[in-house]
Amino acid sequence: MAEGAGSGGSGAPPTAEVLDGLFRTIEARKGADPQSSWTAKLLSKGPEAIAKKVGEEATEVVIEAVARRPAGLVTESADLLYHLLVLWASSGVAPEQVWAELRRHE
């Protein structure tokens, strides 16, 4: 994606750029000391434990949405996306694969 594309003039980077950057950070934590970061700790537990965390975060998103708490929905959505990216990294899935699949849904 071109620099600044999709930012809507707000100065915020495009969504995929933010997620791609976070994914690169997560990838950099692979093999790091689990004591050094939450991400390294999650990755050391393997995909099963990470998938369980994704499920917990998804439930929290649903709770915030049903309770009509937009601020909570934003926070929990960010947590869900982060944990989903950790699961992708642990499972050998690249964001580009998911972006390509999403394009099929347009």
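Predicted model: local features only at pLDDT ≥ 70, side-chain atom pairs only at ≥ 80, totals over all residues.
Visitor: How far apart are the end C-alpha atoms of helix H4?
Guide: Helix H4 runs over residues 70-91, so that's 22 residues. At 1.5 Å a residue, they should span 32 Å. The model agrees with that, since the end C-alpha atoms of H4 are 31 Å apart.

Visitor: Is His83 buried or exposed?
Guide: His83 is found in helix H4, and it touches Trp38, Leu42, Ile50, Lys53, Val54 and Glu57, leaving aside residues up to four places away in sequence. The cut-off for buried is under 20% relative accessible area. At 4% relative accessibility, His83 therefore counts as buried.

Visitor: What covers the buried residues of H4?
Guide: The buried residues of H4 include Gly72, Glu76, Tyr82, His83 and Trp88. Their cover includes helix H1 (15-28), helix H2 (38-45), helix H3 (47-66) and helix H5 (95-103).

Visitor: Which element gives the largest share of the largest nonpolar core?
Guide: That core has 14 residues, and those with the most contacts inside it are Ile26, Leu43, Ile50, Leu85 and Val86. The elements giving two or more residues to this core are H1, H2, H3 and H4. The largest share is 6 residues, and it comes from H4.

Visitor: Which residues does Ile50 touch?
Guide: Ile50 is one of the buried residues of H3, and it's also among those with the most contacts inside the core. Skipping residues up to four places away in sequence, Ile50 touches Leu42, Leu43, His83, Val86, Leu87 and Ser90.

Visitor: Within what arc do the buried residues of H3 fall?
Guide: The residues in question are Ile50, Val54, Glu57, Val61 and Glu64. An α-helix has 3.6 residues a turn, so residues three or four places apart point the same way. Seen down the axis of H3, its buried residues line one face of the helix, because they fall within an arc of 85°.

Visitor: Which residue takes a positive phi just after H3?
Guide: H3 itself has 20 residues and reaches 28 Å from its first C-alpha to its last, close to the 28 Å expected. Just after H3 comes a positive phi of about 55°, and the residue that takes it is Arg68.

How values were computed:
Residues numbered from 1 in each chain as written. Heavy atoms only, no water. Helix = DSSP H or I, 4+ residues; strand = E, 2+ residues; numbered from the N terminus. Expected span 1.5 Å × (residues − 1). Buried < 20%, exposed > 50% of the residue type's maximum accessible area, 1.4 Å probe, protein only. Contact = heavy atoms within 4.5 Å. Core = buried A, V, L, I, M, F, W, Y, C linked by side-chain atoms within 4.5 Å. Arc of directions from axis to C-beta.
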